[in-house]
Amino acid sequence: MTETGREKAGWQEVAKTAQEYRDASIRRVEPAVPDVPQYLPRDVTPIPKELLSKEEVEITQTLTEDLLKSLASGELTSTTITKAFLRRAGLAQKLANCVTELLPERALTRAKTLDDYYAEHKRPIGPLHGLPISVKEHVGMKNLGLNAGFIAWWDHKAEDDAHILKILWNAGCVFYVRTTQPQTLMHLETSSNLYGVTVNPFNRELTSGGSSGGEGALIGLRASCLGIGTDIGGSIRSPAANNGLYGLRPTSFRLPTDGWSATMTGSEHIIPVIGPLSTSLGGIKIFMRTIIAAKPWLIEPSLLPIPWVDNQSNRIGRRPLKIAILWNDGVVQPHPPVTRALKEVTEKLKGIDGVELVDWKPHNHDEAWEIIASLYFCDGAQEESDAINASEEPFVSTLSTCGALLAGRSANSKYAFLGGAQCPISLSKKTLMLSITVSRMHGIGRIDVSDIDGLMLRFGTTLLQERVKMENSKER
């Protein structure tokens with residue numbers, strides 16, 4: 001951050017400014033966001049219910065598809081829903097440190113516009129009418145900051161909305177909060193010198209995952225029902241798994257990425273993607289259907305014009321969908337609860353027509369990991385180092401080693417015939433989560449090298465869901 005006639009600010013000063021800016025945005029929410037206890041328990045997920053109104057709790061714990069039904073019928077207004085999510089997002093920041101800024105004025109102005117439209121036309125403006133959606137910070141919003149986790153980029157601003165945000169906006173959504181990411185965006189945790197460490201709301205001593213860990217923690221606390229993350233090596237899948245959510249890492253060139261900020265943009269050694277995280281599978285489907293229906297390839301010609309297929313009936317007359325069951329990757333043995341979940345899902349899949357299951361023996365996953373690991377920083381992490389050194393901020397502890405060499409690709413062809421693979425891709429909320437500062441991109445389910453869609457599915461129920469079910473039962 002430089003100003004004419006003034007000395008360059010130290011990185012600590014910039015970080016302080018960033019945090020004050022975020023805190024000021026929370027103070028602008030009305031009614032005011034409640035204070036949280038000075039001493040927080042490990043599991044902070046019950047706290048929002050204690051501090052918010054019954055209506056706010058009910059709204060924010062409703063699934064995406066059900067909120068959209070209430071909005072489309074006029075049962076709820078966008079203003080009411082947006083206010084509830086703004087207050088819960090403010091609480092989420094105080095509980096898990098997952099927010100870079102709230103957007104109360106923008107969000108409520110937008111919500112009122114949508115409510116006025118509905119009042120006049122008696123119909124929603126689009127498939128996402130009035131729905132609040134959270135956004136990872138490095139996905140650009142016009143005239144707002146775009147730092148991608150770097151101190152030196154704090155004063156960068158987006159000249160326009162990202163392409164994907166324009167599509168969602170035209171579909172009727174409301175953007176109300178932006179979320180944290182790690183320094184460089186390249187880690188399965190979320191920590192930066194700008195905002196500190198984002199923690200897991202189910203256990204604050206553990207990580208929320210990364211690099212979309214702000215989204216993971218926010219949605220895990222039900223301060224969002226649908227959010228936008230990005231992924232190059234687990235950055236949607238890791239937060240989804242760690243917070244008991246649904247998350248989709250689409251195939252490369254499926255969804256539009258114009259308008260985000262990162263180092264090495266334009267490089268094609270590993271293609272990063274953008275995708276949704278949600279409290280429900282329905283939210284994932286709605287997100288994908290909405291984006292694909294807009295034909296984004298007409299604006300971004302690199303994208304593939306492939307339609308969204310909603311159900312299995314579209315496969316009638318075609319060969320069976322072959323799904324491989326990957327019990328382990330030959331490097332790491334999953335914990336028993338993960339293996340048990342795989343077995344239970346496998347049994348359910350056996351009863352579906354048009355699905356063929358095969359036990360898949362991992363082919364050189366250690367080699368696949370070496371290939372992909374060597375491709376993350378083809379320039380020896382020069383761009384990342386330059387961006388960090390520009391402000392003289394230190395490398396965060398989880399990024400002490402960056403850099404790699406090019407390698408071959410022979411392991412890729414063995415997976416070409418599969419329609420899908422079911423595998424343990426992360427340690428979940430119901431089993432184990434990685435401790436803060438020790439997670440790394442290990443080889444469990446390492447299929448990134450093949451560029452296969454990765455869908456994180458929640459299996460069983462999270463503690464929060466169990467509590468909600470119990471409380472609803474008592475109220476009835």
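## Glu205 and its partner

Glu205 is partly exposed in this predicted model, with a relative accessibility of 48%. Glu205 forms a salt bridge with Arg42. The closest N and O atoms are 3.2 Å apart. Arg42 counts as exposed, at 52% relative accessibility.

Where do the two residues sit? Arg42 is in the loop between helix 1 (11-27) and helix 2 (47-51), while Glu205 belongs to strand 7 (residues 203-207). The pair therefore ties together parts that are 163 residues apart in sequence.

## Other salt bridges

Side chains of opposite charge can pair when their charged atoms come close. The whole structure holds 11 salt bridges. One of them joins Lys166 to Asp160, at 2.7 Å from N to O. Lys166 is partly exposed, with a relative accessible area of 35%. Asp160 is also partly exposed, at 37%.

Lys350 and Glu347 form another salt bridge, with an N to O distance of 3.0 Å. Both of these residues are exposed. Glu101, Glu137 and Arg178 make up one network, joined by salt bridges that share partners.

## The second largest pocket

The second largest pocket contains about 610 Å³ of space. Its lining counts 38 residues. Nearest the centre lie Trp260, Thr265, Gly266, Ile271 and Pro272.

Which strands contribute to the lining? Strand 8 (226-231) and strand 10 (273-278) each supply at least two residues. By class, the lining has 16 nonpolar, 15 polar and seven charged residues.

How values were computed: Residues numbered from 1 in each chain as written. Predicted model: local features only at pLDDT ≥ 70, side-chain atom pairs only at ≥ 80, totals over all residues. Heavy atoms only, no water. 1 Å grid on protein atoms, 1.4 Å probe; cavity = no way out; pocket = protein on both sides within 12 Å on 5 of 7 lines; lining within 4 Å. Points joined across faces, edges and corners; volume = space filled by probe spheres on them. Helix = DSSP H or I, 4+ residues; strand = E, 2+ residues; numbered from the N terminus. Nonpolar A, V, L, I, M, F, W, Y, C, P; charged D, E, K, R; others polar. Salt bridge = Lys/Arg side-chain N within 4 Å of Asp/Glu carboxyl O. Buried < 20%, exposed > 50% of the residue type's maximum accessible area, 1.4 Å probe, protein only.
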